[in-house]
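Please examine the structure shown below.

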Amino acid sequence: MNAKSQQKHGRLGSPLEVLLAFAKLGVTCFGGPIAHIGYFRQEFVVKRRWLDEHAYADLVALCQFLPGPASSQVGFSIGLMRGGYLGGIAAWTAFTLPSAIALILFAYGANALQGPIGTGLLHGLKLVAVAIVAQAVWGMARTLAPDRERASIAAIAALIILFSSASVAQIGAIALGGVAGLWFCRATPSAATGQGHLSMPVSRSVGILALAAFFLLLGGLPLLWALSHSQAVALFDAFYRSGALVFGGGHVVLPLLREATVTPGWVSDDAFLAGYGAAQGVPGPLFTFAAYLGAVMKPSPHGIVGAVISLIAIFLPGILVLMGTLPFWDAFRRRAWAQAAMRGVNAAVVGLLGAALYNPVWTSAVKTPGDFGIALVGFVLLVVWHAPPLVVVAISALGGVALALGAG
């Protein structure tokens, strides 16, 4: 599809448009990667219509397969599709910087969220995630699991996640969904998955170069450190390796980060846990926890320089492997057998979202009838009244404060 045709169909935009769209999400997307996927769907599929439900679900499935922060990869891909390379950079910058700046300020002691008001505010923001994820499960299930076969695949995927604590369970559930789709979903009309051309401005040669860079850095950074003994190289390598070896993103990266920073004595255990607690109360991707760790490092570089090095290093591998895959993804997903597999994969993604709605989203937020009430109000506002997510964020935050003051 050429640029003129894309523009005619409304798929081209400016990097500034992408920056502004993601800037709003960067300060309102609370609740972790699963909630972010719900926010993105509401903003870019339902509201702005930059891509359709099926293309979005395929994109989410791809990013769940790849190493790195899944929600940030989805956001980067949407920005790339809408505004080219600058659009991808704009999406990543706007979505990442607000939480990174907040955590750097926390590292310098600028933590004002204390006492019942601060605790209630953070709890109210967790309840927003319940409503957002529930809305995403509701909407995606109606589109992507509308029949018995796909609803069953979604249910089995949810059970796998709910009853398995293994970090590879998510990938296994998606793979099983693909196999089940090949067997059970071949008779489904081809329009169910073949819609929504993902017009990514990444050539195959650029994709191959990105994959080469991914593996070169993964193997070359330890050698570079052995030759230079530079602490900056060691810092970059530690966070690059953490970002390259984690699948699914979010909380899965925490053990790797602790091993990379606490074990060598760069960060104390108390400082690590304090930063992790603060990371739960800021919007955006949990990977921005790296900025906090870079800022509180004992050896130099630390402070702002350490934060910047750590932040870039942890996100870079996920972006490289994503760019290496995208040029081949659209051609793959349009083959007949791939469409059948993707129907199963998309149904499995619905199951993953459903399982995540229970744990950790529901179990970490809904503790009392008042909590359930706030989450229910948010869900009704989103689904029935079609209220903007920002309004729901504000109402839930105020509700959390009211509950905290009432309990006090």
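On a 1 Å grid over the protein atoms alone, a cavity is a set of points where a 1.4 Å probe fits but cannot get out, and its lining residues have an atom within 4 Å of a point. The model is predicted, with local features needing pLDDT of at least 70 and side-chain atom pairs counting only at pLDDT 80 or more, whereas totals for chains, interfaces and linings use all residues. Residues are numbered from 1 along each chain as its sequence is written, and side-chain values use heavy atoms, leaving out hydrogens and water.

The second largest cavity is lined by Phe 22, Ser 72, Gly 75, Phe 76, Ala 91, Trp 92, Phe 95 and Thr 96. Helix α5 (residues 70-107) contributes the most to this lining, with seven residues; helices are DSSP runs (H or I, at least four residues), numbered from the N terminus.

Helix α18 (residues 389-407) may be considered next. Its buried residues (under 20% relative accessible area, 1.4 Å probe, protein chains only) include Val 392, Val 393, Ser 396 and Gly 400. Among the elements that cover the buried residues of α18 are α3 (33-47), α6 (115-144) and α17 (369-383).

How many disulfides does the structure have? A disulfide is a pair of cysteine sulfur atoms within 2.5 Å, and by this rule the count is zero.

Key: 1 Å grid on protein atoms, 1.4 Å probe; cavity = no way out; pocket = protein on both sides within 12 Å on 5 of 7 lines; lining within 4 Å. Helix = DSSP H or I, 4+ residues; strand = E, 2+ residues; numbered from the N terminus. Buried < 20%, exposed > 50% of the residue type's maximum accessible area, 1.4 Å probe, protein only. Contact = heavy atoms within 4.5 Å.
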